[in-house]
Amino acid sequence: MEFAELIKTPRVDNVVLHRPFYPAVEGTLCLTGHHLILSSRQDNTEELWLLHSNIDAIDKRFVGSLGTIIIKCKDFRIIQLDIPGMEECLNIASSIEALSTLDSITLMYPFFYRPMFEVIEDGWHSFLPEQEFELYSSATSEWRLSYVNKEFAVCPSYPPIVIVPKSVDDEALRKVATFRHGGRFPVLSYYHKKNGMVIMRSGQPLTGTNGRRCKEDEKLINATLRAGKRGYIIDTRSLNVAQQARAKGGGFEQEAHYPQWRRIHKSIERYHILQESLIKFVEACNEQTHNMDRWLSKLEASNWLTHIKEILTTACLAAQCIDREGASVLIHGTEGIDSTLQVTSLAQIILEPRSRTIRGFEALTEREWLQAGHPFQQRCAQSAYCNSKQKWEAPVFLLFLDCVWQILRQFPCSFEFNEHFLIMLFEHAYASQFGTFLGNNESERCKLKLQQKTMSLWSWVNRPNELSKFTNPLFEANNLVIWPSVAPQSLQLWEGIFLRWNRTSKYLDEAYEEMVNIIEYNKELQAKVNILRRQLAELETEDGMQESP
Amino acid sequence: MEHIRTTKVEQVKLLDRFSTSNKSLTGTLYLTATHLLFIDSHQKETWILHHHIASVEKLALTTSGCPLVIQCKNFRIVHFIVPRERDCHDIYNSLLQLSKQAKYEDLYAFSYNPKQNDSERLQGWQLIDLAEEYKRMGVPNSHWQLSDANREYKICETYPRELYVPRIASKPIIVGSSKFRSKGRFPVLSYYHQDKEAAICRCSQPLSGFSARCLEDEHLLQAVSKANPVNRYMYVMDTRPKLNAMANRAAGKGYENEDNYSNIRFQFVGIENIHVMRSSLQKLLEVSGTKGLSVNDFYSGLESSGWLRHIKAVMDAAIFLAKVLIEKDWISFGHKFSERCGHLDGDPKEVSPVFTQFLECVWHLTEQFPQAFEFNEAFLLQIHEHIHSCQFGNFLGNCQKEREELKLKEKTYSLWPFLLEDQKKYLNPLYSFKSQRFTVLEPNTVSFNFKFWRNMYHQFDRTLHPRQSVFNIIMNMNEQNKQLQKDIQDLESKIKRHKNKQTDGILTKELVHSVCPESPTLKTSLCFKEQTLLPVNDALRTIEGSSPADNRYSEYAEEFSKSEPAVVSLEYGVARMTC
């Protein structure tokens with residue numbers, strides 16, 4: 001098969017592996033089509049089992065005939081392999097390079113992976129749009145499912161089924177699609193049951209320099225407003241950027257044509273600006289020798305937390321419009337597949353208790369990211385150590401997860417999942433044995449036949465065994481809207497992701513375990529007291545019967 | 001009371017500190033002999049102890065009234081608008097007087113009466129016994145002994161009467177050395193590590209100038225070195241930056257000349273002096289108090305304040321000293337409490353946040369080692385609160401001699417019994433007392449471990465904090481567990497009594513068996529829902545006061561509110577923030 005050609009040296013002995021916080025181990029290095037494996041010969045255990053697709057960059061250097069390969073992973077880990085023999089080392093390095101940058105998606109590991117676990121529930125069918133819509137249909141009849149995009153002809157980045165206002169027919173949708181970037185006509189993202197207000201998302205309107213308008217577009221979004229009510233359009237670009245977009249055929253909604261809508265411009269960065277921010281941020285976190293001033297100035301210069309604050313603020317603003325102003329919201333940037341999705345999904349975390357449960361969050365990821373057409377394949381192609389500087393690579397999803405973590409930190413009892421759940425999603429978005437994050441949209445996933453040929457991440461996660469690792473022991477369902485603080489003093493460095501490989505978390509992990517023990521013990525005691533109480537009550541009634549004449 | 005002219009002002013506005021659109025609460029302001037009290041229209045009370053006030057400022061009159069800004073030593077900052085200028089002026093003048101007492105006797109501690117009788121009061125003061133502390137460390141022993149040289153405070157006024165010195169150091173050597181040391185603070189034992197037979201000693205800088213030497217001092221250090229027989233070398237750590245030490249030579253002070261001391265290695269660790277620390281904290285507070293603060297301004301402010309750099313320097317230098325108990329290391333050894341904390345109206349240059357820094361270092365350790373400390377963050381915050389409150393006698397006066405002269409033990413109360421009484425609040429539920437792993441902590445001082453201590457510097461800015469506290473929940477649950485264990489014992493013994501009554505002769509074996517039945521899990525979980533005993537403080541689980549208005553999101557959108565210039569007037573920013 002094809003891989004054999006890429007693997008010049010499949011096996012090298014006496015390789016020494018160096019990892020943070022572990023003693024160095026010597027063993028045999030094996031390369032397979034999808035993995036780099038190092039096993040120490042003593043007890044035949046694998047010390048390292050690394051997916052090639054997790055490798056972001058490699059460096060090699062030589063001292064005499066001893067070669068060293070430094071492997072930098074997409075999950076920010078850095079490991080080092082000392083390989084005796086210059087030829088072996090060069091072979092290994094070039095193989096890794098080739099195997100970690102395979103062109104064809106169908107050669108990726110998910111197409112070869114055979115699960116060792118029993119599938120209880122097929123994750124490919126866990127979150128169907130029809131089921132999601134049913135959750136709303138009990139509360140409102142103003143919306144309908146549209147199959148207008150069944151063949152992906154109207155909008156290539158939308159799923160086959162979308163939710164639109166009932167009063168707008170498919171013909172109108174087709175017209176609106178020609179007026180919105182990428183054919184992304186406004187669709188329902190979230191329905192707020194409390195007051196019937198909605199979040200919609202779309203691509204930018206294609207007004208161009210001559211102020212083109214589209215009556216159907218105006219009609220569509222006006223159809224979502226109650227009589228006499230106004231709505232908000234949140235443009236995730238600054239006014240300046242939005243104005244510049246007109247020159248390229250894009251633009252924004254003119255007041256004159258959308259008199260019932262008030263437009264708010266926010267400025268959320270995209271593309272390489274985010275990628276560079278990540279690169280700088282990870283670089284700062286990886287440097288152990290920075291003095292305090294240097295560390296703080298690097299942290300500042302990376303702008304990572306500025307992006308976090310900007311995204312969170314915009315999401316909070318959208319949620320505020322819905323819940324406090326009682327107004328519906330349309331959110332878009334340019335294409336409506338990056339910052340737009342960050343805002344719509346975070347607003348739901350704030351507003352909707354269900355999205356703070358494990359299944360609810362999975363549904364949200366499925367609906368607002370995968371089906372909504374966030375191009376995971378492109379965005380997550382490389383991570384913090386890449387040099388490629390491709391415009392389409394950006395840690396958009398990681399920023400979203402970081403924002404969720406910030407809210408989780410502030411409301412530690414309101415989420416059913418813990419930090420590990422978010423870290424797991426980050427890892428799988430960048431490298432995975434599952435097919436869930438492959439492809440850039442539903443259309444591509446259909447063509448790849450992922451449902452038939454690969455396993456869904458959800459099939460694995462939603463098994464009791466795995467779920468127990470991701471469950472927050474402090475969770476207590478909370479039906480309120482949660483308003484996080486976005487002040488710089490309240491935002492923190494996500495240590496679980498960014499310092500994970502840079503310092504030991506032994507003492508923190510032990511403290512966490514102790515906390516879990518206290519909670520478990522509490523449950524145990526409660527149960528025991530209840531049993532004893534009932535037992536005593538029974539004895540007392542028996543006594544009563546014996547004593548009564 | 002002679003300072004108070006107006007005791008009550010109505011229709012006063014309390015401004016939201018971080019709002020750029022002047023959000024406010026309206027209420028009534030009361031002035032008492034000890035406190036300033038604001039009650040807003042929701043009946044929420046804000047109490048400010050006069051002693052906590054670091055500075056009061058009257059800003060220029062506005063259309064809505066006269067602004068009064070009060071900054072407190074516990075980092076509370078309140079901004080009132082008083083409708084009439086006259087009232088504002090009266091309050092301003094009163095607070096100026098009340099917050100800066102000229103005499104010790106006017107401090108709150110001398111009037112505070114917590115309803116303890118004399119023997120309780122005495123017990124409180126005896127709670128921490130220094131001799132006992134040294135005994136715990138294994139001192140006196142064959143190398144170290146108690147010296148009576150300072151019994152009458154003749155050698156050093158700022159040292160306590162009882163001091164531990166090397167056994168082989170004679171009194172003339174001690175006296176000689178003390179004359180060579182700034183303020184007579186000759187080298188004395190601070191901490192003794194029994195297992196390693198190593199000691200930490202402490203002293204002030206030598207009065208060496210450019211060339212002076214003192215044979216007695218050299219002998220004393222030699223004696224200290226010999227008292228640590230395991231170690232070949234003795235290290236002398238000079239906590240100052242070398243430049244400062246060199247500069248001091250011109251004033252006849254300075255540092256030890258290596259040539260005159262054998263087997264001793266000298267090292268400067270570069271902790272800045274109190275003046276640098278004071279202005280550093282001032283800058284930090286200015287930054288964190290900025291309205292509409294951006295992330296970049298926050299971090300560049302954090303950097304330029306240098307505060308975390310100083311914290312790291314202290315940690316780096318005194319990595320294990322931080323473990324030493326507060327009472328021993330700070331109070332008995334003449335940290336100039338009154339002056340550094342500005343209790344009395346004195347030289348503002350002598351005021352410095354050294355103790356705050358110490359607490360912050362301890363906090364950083366608790367963050368890295370969540371199970372190593374018996375106390376929690378609330379304990380540190382409470383101690384910080386009382387350093388400035390002047391409510392208890394512990395932190396008054398500058399040294400033991402002064403404290404004796406003030407008769408603090410007869411006239412005021414000790415803080416420790418009050419903390420002890422409330423100890424439930426201050427216990428760390430995760431504390432792992434059984435493990436010996438934490439005998440010596442090895443903290444990681446890579447820069448990324450140091451964080452801004454939000455719970456200290458923003459302790460009164462409710463909106464900046466998490467709205468659910470894991471810590472409180474676990475603490476309550478721990479308490480609840482203790483109660484449940486008791487309940488189980490009670491229930492079991494009751495059931496036993498019932499069974500005995502019923503069966504009267506049936507084998508006990510059977511009885512034991514039936515007391516703890518293996519119950520189906522389904523049923524237990526049902527019971528659990530049916531009946532929750534002693535609920536884990538429900539209030540803590542509800543999302544307290546989380547609202548979009550509190551978080552001012554719309555102020556971040558230009559269109560929502562035409563934001564006025566988000567600058568803190570410089571006057572206000574550089575305000576006389578003392579401690």
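**Aromatic pairs**

I began with the ring pairs and found 45 aromatic pairs over all chains, keeping in mind that this is a predicted model. One of them joins A:Phe281 and A:Trp304, which are stacked, with 5.6 Å from centre to centre and 10° between the planes. I placed A:Phe281 in helix 7 (residues 271–286) of chain A and A:Trp304 in helix 9 (residues 304–323) of chain A, so this pair ties together parts that are 23 residues apart in sequence. I then checked burial: A:Phe281 is buried at a relative accessible area of 1%, and A:Trp304 is buried at 0%.

B:Tyr159 sits in the loop between strand 8 (144–147) and strand 9 (163–166) of chain B, while B:Phe186 sits in the loop between helix 4 (171–179) and strand 10 (188–193), 27 residues away. Both B:Tyr159 and B:Phe186 are buried.

**Chain A as a whole**

I counted 20 helices and 14 strands in chain A. Its radius of gyration is 26 Å, close to the 24 Å that the globule rule gives for 549 residues, so chain A is as compact as a globular protein of that length. Of those 549 residues, 61% count as buried. For charge, I recorded 60 positive and 68 negative side chains in chain A, with the centres of the two sets 8 Å apart.

Note on methods:
Residues are numbered from 1 along each chain as its sequence is written. Chains are lettered from A and ligands numbered from 1 in the order in which they are written. This is a predicted model: local features need pLDDT of at least 70, side-chain atom pairs count only at pLDDT 80 or more; totals for chains, interfaces and linings use all residues. Side-chain values use heavy atoms; hydrogens and water are left out. Helices (H or I, at least four residues) and strands (E, at least two) are DSSP runs, numbered from the N terminus. The radius of gyration is taken over C-alpha atoms; the globule rule is 2.2 Å times the number of residues to the power 0.38. Buried means under 20% relative accessible area, exposed over 50%, partly exposed in between (1.4 Å probe, protein chains only). Lys and Arg count as positive and Asp and Glu as negative; His and the chain ends are not counted. The place of a charge is taken as NZ of Lys, CZ of Arg, CG of Asp or CD of Glu. Rings of Phe, Tyr and Trp (its six-membered ring) pair if their centres lie within 6.5 Å; planes under 30 degrees apart count as stacked, over 60 as edge-to-face and the rest as tilted.
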